[in-house]
Amino acid sequence: VIEKNPEAGLETSAKNSNVLHSGLHQNPSFLKSNLVVRGQKLAVEFLTRHGAPLIKCGMIVAMPKNSGLKIIFEIGAFIDLMKRGKEQDVTFEFLGPRGLKKLEPNIKAFGGIFVPNVWITNAKTFTTLLKKDAEENGVKFLFNTKICEIPKEKTIINCAGLYADEIAKMAGFDAPKIYPWRGEYYEIIGEKNPKPQVNHKW
C-alpha cells in the first residue's frame, strides 16, 4: 500500500460522518449501490469481531410539512426512495405522523422512512484496525511516498479517495473528474431545554 501521508487514515478514510450507510439513497443500477449494501455487512462483521465501537442507531428520513406543489414533490421523492430500497432489499418502514412521533417526539413532519440497519462507528479506529489486519496478513505499507507515475502492472487497486481520478489517469484510464462535496454537521446540545432533543433509545 503506497500512501503519501505519514500514517493511515489522515484524510477522508477517517475524517467523515462515521456512518455505515444502508444504501437507501443510492441508485440500484450503480455499482456503488451494491458495494454500499455488501460493504456495510462486511464492515459490521469486521468491527464486531474486533470489539470496536459500534452503535446500531438507525436512520430517519423525514418528510417535512409542506403545502401545495412542494408536498407533491416530497411524496414523489419518498415513493422513489422506497422503490430504491425494495430493489436493493434494504429493510425500512414507512411511518405516518404518529409512528414518527413515537420514535422522535421533537420532529415535526408529515411522515418519514425509518431504516433500522444504519450503524455508527469510530472511523479512525476502523482505519487503524484495517491497517493492523492487513499487516498481519502480509501487506506492506509505504508511507510518505507520493506517486508521480505508474508503470504498466498486471493489477493495481486504486484507493486514492478524492484523488482516485488523478491516479486513474496516471494508469492510462480516461476517468471522470471527481467533484468533492463538503458536509456540514450540527450538534444538538439542548442547554435551554431540559428534555432531550433527540431520542436515541431505539
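I started at I156 and found it partly exposed, with a relative accessible area of 43%. My classes are buried under 20% relative accessible area, exposed over 50%, and partly exposed in between (1.4 Å probe, protein chains only). The model is predicted, so I kept to its rules: local features need pLDDT of at least 70, side-chain atom pairs count only at pLDDT 80 or more, and totals for chains, interfaces and linings use all residues. Residues are numbered from 1 along each chain as its sequence is written, and side-chain values use heavy atoms, with hydrogens and water left out.

**Entry 1: around I156**

I placed I156 in the loop between α4 (123-136) and α5 (164-170). I take helices (H or I, at least four residues) and strands (E, at least two) as DSSP runs, numbered from the N terminus. Next I listed contacts, meaning heavy atoms within 4.5 Å. Leaving out residues up to four places away in sequence, I156 touches I150 and P151. I also checked F173: it is 17 residues from I156 in sequence and 12 Å away in space, C-alpha to C-alpha.

**Entry 2: the whole chain**

I counted five helices and six strands. Along the sequence I read the pattern β-α-β-β-α-β-α-β-β-α-α. The C-alpha trace spans about 60 × 40 × 30 Å along its principal axes. The chain has 202 residues, and 28% of them count as buried. I then took the contacts with a separation of 6 or more; 66% of them come from residues 24 or more positions apart. The accessible surface is about 15,200 Å², and 57% of it belongs to carbon and sulfur atoms. That area is from the Shrake-Rupley method with a 1.4 Å probe; for residues, only the protein chains shown count as cover.

**Entry 3: strands**

I call two strands paired if DSSP finds at least two bridges between them. Three strands make an open sheet in the order β1-β6-β2, with antiparallel pairing. Its edge strands are β1 (19-20) and β2 (54-56), each pairing on one side only. I found two bridges joining β1 to β6 (residues 119-121), in the antiparallel sense. V19 has I120 of β6 as its bridge partner.

Then I turned to β5. It pairs antiparallel with β3 (residues 59-63) over five bridges, and A62 has G112 of β5 as its bridge partner. It also pairs antiparallel with β4 (residues 93-95), over three bridges. There E93 stands opposite F114.

How many residues of β5 are buried? Five of the five residues in this strand (residues 111-115) are buried, and I note it as mostly covered. I looked at the two directions as well. G111, I113 and V115 point one way and G112 and F114 the other, and all are buried. In a regular strand, side chains alternate between the two faces of the sheet.

**Entry 4: salt bridges**

My criterion was a side-chain nitrogen of Lys or Arg within 4 Å of a carboxyl oxygen of Asp or Glu. The search of the whole structure gave four salt bridges. Side chains of opposite charge can pair when their charged atoms come close.

I noted E11 with K4, closest N and O atoms 3.6 Å apart. E11 is partly exposed at 31%, and K4 is partly exposed at 37%.

K131 is buried, with a relative accessible area of 16%. Leaving out residues up to four places away in sequence, K131 touches E7, A8, F141 and F143. The salt bridge of E7 with K131 has its closest N and O atoms 4.0 Å apart.

E7 is partly exposed at 33%, as is E135 at 39%. I logged E7, K131 and E135 as linked in a network of salt bridges.

**Entry 5: cysteines**

I searched for disulfides, defined as a pair of cysteine sulfur atoms within 2.5 Å, and found zero. C148 is in no disulfide; its nearest cysteine sulfur is that of C159, 19 Å away. C159 is in no disulfide either, with the sulfur of C148 as its nearest. C148 is exposed, with a relative accessible area of 68%. C159 is exposed, also at 68%.
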